[in-house]
Amino acid sequence: MSVHFGFRPGKRPPPQPELPVYSLITIVRNAAGTLERMLQSVERQAYPAIEYIVVDAGSTDGTVEILRRYEHLISRWCSEPDGGHADGANKGVREATGRFIGFVYADDTLTDDFVEKTVGVLSKGTHDFVFGDMNLFKDGEFAFTLFGDPNYKSKIGDRVPVMNFPTVSACAHVYQKVGLYDTNYKVAPDNDWLIRTHRAGFEGVYDPGVVYNFSFGGHSTKHTSRIYIETARSAIRHGGNPVKAWGFASARIAFHTLDAVLRNAVSVSTYVRIRAIRKSITG
């Protein structure tokens, strides 16, 4: 049975005041099968000054009970119905008090130095947000690494290049200027936010030291086509070329549809070999 209440305090000690605070946010709904693994990766973080906020959308599968067992990791959390992905993310950002803000999703895990590497980059004060690489896993087995695009600025006008949003962390002032996630986008509010952030003149940087572990089968991989459709609409809304935006979206939908069929039909090792051959041919 779900529990409904506003944000309540967890049992995590306050961050050390002499260090920049990193606000880490998890939005979750009915993820009891993967949640504990993710929470353990939060527990292993090397960086000590973390404010950890969990936004549960009224789960009914045992998620709330797991959160209670891990309250020693959590600064504040809630369990109540929300309006979807963007609404839950917005709740977390509103609650954040840290200098830097990032996310970890319930199906995924953080590398042990994820927050430490991120804070190291953003603390230099030369960039407003940072992104890195994603290790992709299928059924718990490593498949391949999706590398971030250091030249993202040359492509973001008509689409969102490879910026691996789960790896993105931003300074709090970016949210203060750009605003929160647009709840009109049900599966790709993060891509719309990246486009708006770029249009507002904020500077991002790719850093290969920032690495995130992403699992196939979560919210985003179940709605890939809609992600590209929403991203195209966002790009056009913010001044992108409609022909280029829809052309890119159509091509990526076709590619990911075929890739999903292949990924679900063969073993991970076979999928990785076929992908490597395909990449060697197409570049």
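**Entry 1: a pair inside α8**

I started with E230 and R226, which sit four residues apart in helix α8, so about one helical turn separates them. Helices here are DSSP runs of H or I with at least four residues, strands are E runs of at least two, and both are numbered from the N terminus. E230 and R226 form a salt bridge, with their closest N and O atoms 3.3 Å apart. I noted the cut-off: a side-chain nitrogen of Lys or Arg within 4 Å of a carboxyl oxygen of Asp or Glu. Side chains of opposite charge can pair when their charged atoms come close.

Buried or exposed, I wondered about E230? E230 is buried at 5% relative accessible area, while R226 is partly exposed at 42%. (Buried means under 20%, exposed over 50%, partly exposed in between, using a 1.4 Å probe and protein chains only.)

A reminder to myself: this is a predicted model, where local features need pLDDT of at least 70 and side-chain atom pairs need 80 or more, though totals for chains, interfaces and linings use all residues. Residues are numbered from 1 along each chain as its sequence is written, and side-chain values use heavy atoms, leaving out hydrogens and water.

**Entry 2: other salt bridges**

How many salt bridges are there in the whole structure? My search turned up twelve. Shared partners join E51, R76 and E95 into one network.

Next I looked up K155 and D149, whose closest N and O atoms are 2.6 Å apart in a salt bridge. K155 is partly exposed at 31%, but D149 is buried at 11%.

Then came E203 with K153, a salt bridge at 2.7 Å from N to O. E203 is in the loop between α6 and β10 (204–215), and K153 is in the loop between β8 (141–146) and β9 (169–171), so this pair ties together parts 50 residues apart in sequence. Both count as partly exposed: E203 at 32%, K153 at 42%.

**Entry 3: α6 against α8**

Back to α8 (residues 224–237), which packs with α6 (residues 189–199) at about 25°, axes 9 Å apart. Axes are lines fitted to C-alpha atoms, for helices over the stretch in contact, and angles run from 0 to 180 degrees between N-to-C directions. The two helices are therefore roughly parallel (under 35 degrees; over 145 is roughly antiparallel, 65 to 115 roughly perpendicular, the rest oblique).

Which residues of α6 make the contact? They are N191, D192 and I195, meeting I227, T231, S234, A235 and R237 of α8. Contact means heavy atoms within 4.5 Å.
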